[in-house]
Amino acid sequence: LRGGNRTAQAAPAPPRPAVPERPRILVADDEASIRDLLSKTLALAEYDVDTAGDGGAAIEQLRLVDYDLLLVDLKMPGIDGLTVIREAKRFRPSLPIVIITGFSSESAAIDAVNLGVSGYLTKPFRVPHVLSAAAKAR
């Protein structure tokens, strides 16, 4: 080498890409097996998932966390899903909401549509339908 010793300089590390926040979903259903299935399925699809076993717990979580999507069962003991939807819309009118239910009645569907829900899943549901509904959070 001419001109003496040169020290090699390390190239600066490339900037790390920003990691986008994962959409956060609240699953409110009184059936533990449904909550577990939805939670695991959505977590594998790169969503952050919280669960609530009843309407009161769902409303409390909606007060504390800014969710990207609410999946809520219509028929729960105590505070039902329609009440949860009304409260969710009061906190955040633009929150996408998808109803999950084991029964479908015309009056419940009309009430849900009037409250501005984004979708409706009837139990038993298939994973692709759940993932399609969850895409509303992205």
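These legends accompany several views of one predicted model.

Residues are numbered from 1 along each chain as its sequence is written.

**View 1. The whole chain and its order of elements.**
The chain has 5 helices and 5 strands. Helices (H or I, at least four residues) and strands (E, at least two) are DSSP runs, numbered from the N terminus. Starting at that end, the order is β-α-β-α-β-α-β-α-β-α. Of the 138 residues, 38% count as buried; buried means under 20% relative accessible area, exposed over 50%, and partly exposed in between (1.4 Å probe, protein chains only).

**View 2. Helix α2 beside helix α3.**
The axes of α2 (residues 55-64) and α3 (residues 81-91) come within 10 Å and cross at roughly 5 degrees. Axes are lines fitted to C-alpha atoms, for helices over the stretch in contact, and angles run from 0 to 180 degrees between N-to-C directions. The two helices are therefore roughly parallel (angles under 35 degrees count as roughly parallel, over 145 as roughly antiparallel, 65 to 115 as roughly perpendicular and the rest as oblique). From α2, the residues G55, A58, I59, L62 and R63 meet V84, E87, A88 and F91 of α3. The contact residues (contact means heavy atoms within 4.5 Å) divide into 6 nonpolar, 1 polar and 2 charged. Here Ala, Val, Leu, Ile, Met, Phe, Trp, Tyr, Cys and Pro count as nonpolar, Asp, Glu, Lys and Arg as charged, and the others, Gly among them, as polar.

**View 3. D50 in strand β2.**
D50 lies in β2 (residues 48-52) and counts as buried, at 17% relative accessibility. Its side chain is joined to that of R24 by a polar contact of 3.0 Å. Apart from neighbours within four places in sequence, the residues in contact with D50 are R24, I25, L26, V27, Q61 and Y67. A polar contact is a pair of N or O atoms within 3.5 Å; within protein, one must be able to donate a hydrogen and the other to accept it, and residues adjacent in sequence count only if both atoms are side-chain atoms.

**View 4. V27 in strand β1.**
V27 belongs to β1 (residues 24-28) and, at 0% relative accessibility, counts as buried. Beyond neighbours within four places in sequence, V27 is in contact with R35, L38, L42, V49, D50, T51, A52 and L71.

How values were computed
This is a predicted model: local features need pLDDT of at least 70, side-chain atom pairs count only at pLDDT 80 or more; totals for chains, interfaces and linings use all residues. Side-chain values use heavy atoms; hydrogens and water are left out.
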